[in-house]
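Q: Before turning to particular residues, I would like to learn how the features of a model such as this one are read. Could we take them one at a time, with the general idea ahead of the case?

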Amino acid sequence: ISCRHCSATCIATFFIIGKEGDKEKDLLKRIADEGHALGIHTYTHVYDSIYDSVEAFLEDFHMTYQLIYDTVGVRPSVFRFPGGSVNTYNARYYEEIIAEMTRRGFTYYDWNASSGDAVPKTNAQLIYNSAVQSSEGKNRIILLMHDSVGKYHTVAALPGIIEYYKAKGFRFGRITNDVTPVAFNYRNY
């Protein structure tokens, strides 16, 4: 797939927020049609409610799973926890959620590099710098980026990030259950 912003060939994984995808079903279809992977992020992205219990997480998760399946006919098998696999919101339940999701055949992925695009008052240069600096010394990268409304600085930074990673010898690929996960360190939490 040729990136429309540069000459690079790139494939990505989009972890979907269901309430946004529900409004943008044509975009979900385009993502799938262009060969990208669809994963589940959450439906509501409201941390207090999705991390209220294991059952609350599973219910929210299922809504996005069903949306993706109903819209594009794909059964997603990968997901990313809102806030990462362990955070202050899910500290009581993350082990139970991980065990249940694994039992159900899903694999979660954290990230080991970040574009920093969730920070307020950022710009394309800062996003590029963060993507480069946070990936230094790594031979495999799962880069956290956001594609939600208003992320025009991320879009502006993306061609440079792609070119930089390609120049470093990285290939772009879909995250599937066959890809070894990047997971946060739980021992210190």
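A: Buried means a relative accessible area under 20%, exposed means over 50%, and partly exposed lies in between, with a 1.4 Å probe and protein chains only. Helices (DSSP runs of H or I, at least four residues) and strands (runs of E, at least two) are numbered from the N terminus. This is a predicted model, in which local features need pLDDT of at least 70 and side-chain atom pairs count only at pLDDT 80 or more, while totals for chains, interfaces and linings use all residues. Residues are numbered from 1 along each chain as its sequence is written, and side-chain values use heavy atoms, with hydrogens and water left out.

Q: How is the confidence of the prediction read, and what mean pLDDT does the protein chain have?
A: The pLDDT is the predictor's confidence in each residue, from 0 to 100. The mean for the protein chain is 91, and 93% of its residues reach 70 or more. Over residues 1-5, however, the pLDDT is below 50, although this stretch has 15 contacts in the model beyond near neighbours in sequence, a contact being heavy atoms within 4.5 Å.

Q: Which residues of α5 are buried, and what covers them?
A: In α5 the buried residues are Tyr 94, Ile 97, Ile 98, Glu 100 and Met 101. Their cover includes the helix α4 together with the strands β3 (78-79) and β4 (107-108). Just after α5, Gly 105 takes a positive phi of about 95°.

Q: How many residues does the largest nonpolar core have, and which element supplies the largest share of this core?
A: In soluble globular proteins, nonpolar side chains tend to be buried together. A nonpolar core is defined as a set of buried Ala, Val, Leu, Ile, Met, Phe, Trp, Tyr and Cys residues joined through side-chain atoms within 4.5 Å. Here the largest such core has 24 residues, and those with the most contacts inside it are Phe 57, Phe 61, Phe 79, Phe 81, Ile 97 and Met 101. At least two residues of this core come from each of α2 (25-33), β2 (37-42), α4 (54-72) and α5 (94-103), and the largest share, seven residues, is supplied by α4. For Phe 81, leaving out residues up to four places away in sequence, the contacts are His 41, Tyr 51, Phe 57, Asn 90, Ile 97, Ile 98 and Tyr 108.

Q: At what angle do the axes of α2 and α4 cross, and which residues make the contact?
A: Axes are lines fitted to C-alpha atoms, for helices over the stretch in contact, and angles run from 0 to 180 degrees between N-to-C directions. The axes of α2 and α4 come within 9 Å and cross at roughly 75°. That makes α2 roughly perpendicular to α4, since angles of 65 to 115 degrees count as roughly perpendicular, those under 35 as roughly parallel, those over 145 as roughly antiparallel and the rest as oblique. The contact is made by Lys 25, Leu 28, Lys 29 and Ala 32 of α2, and by Leu 67, Thr 71 and Val 72 of α4. These residues divide into four nonpolar, one polar and two charged, where Ala, Val, Leu, Ile, Met, Phe, Trp, Tyr, Cys and Pro count as nonpolar, Asp, Glu, Lys and Arg as charged, and the others, Gly among them, as polar.

Q: Where is His 45 found, and is Lys 121 buried or exposed?
A: His 45 has a positive phi of about 65° although it is not a glycine, and it is found in the loop between β2 and α3 (47-50). With a relative accessibility of 28%, His 45 counts as partly exposed. Lys 121, also a residue other than glycine, has a positive phi near 60° and lies in the loop between β5 (113-114) and α6 (124-133); at 83% relative accessibility, Lys 121 counts as exposed.

Q: Which residues does His 153 touch, not counting residues up to four places away in sequence?
A: His 153, in helix α7 (residues 152-167), touches Thr 122, Asn 123, Ala 124 and Ile 127 on that count. The C-alpha atoms of His 153 and Ala 124 are separated by 4.6 Å, though the two residues are 29 apart along the chain. Thr 122, which lies in the loop between β5 and α6, counts as buried at 18% relative accessibility, whereas His 153 is partly exposed at 26%.
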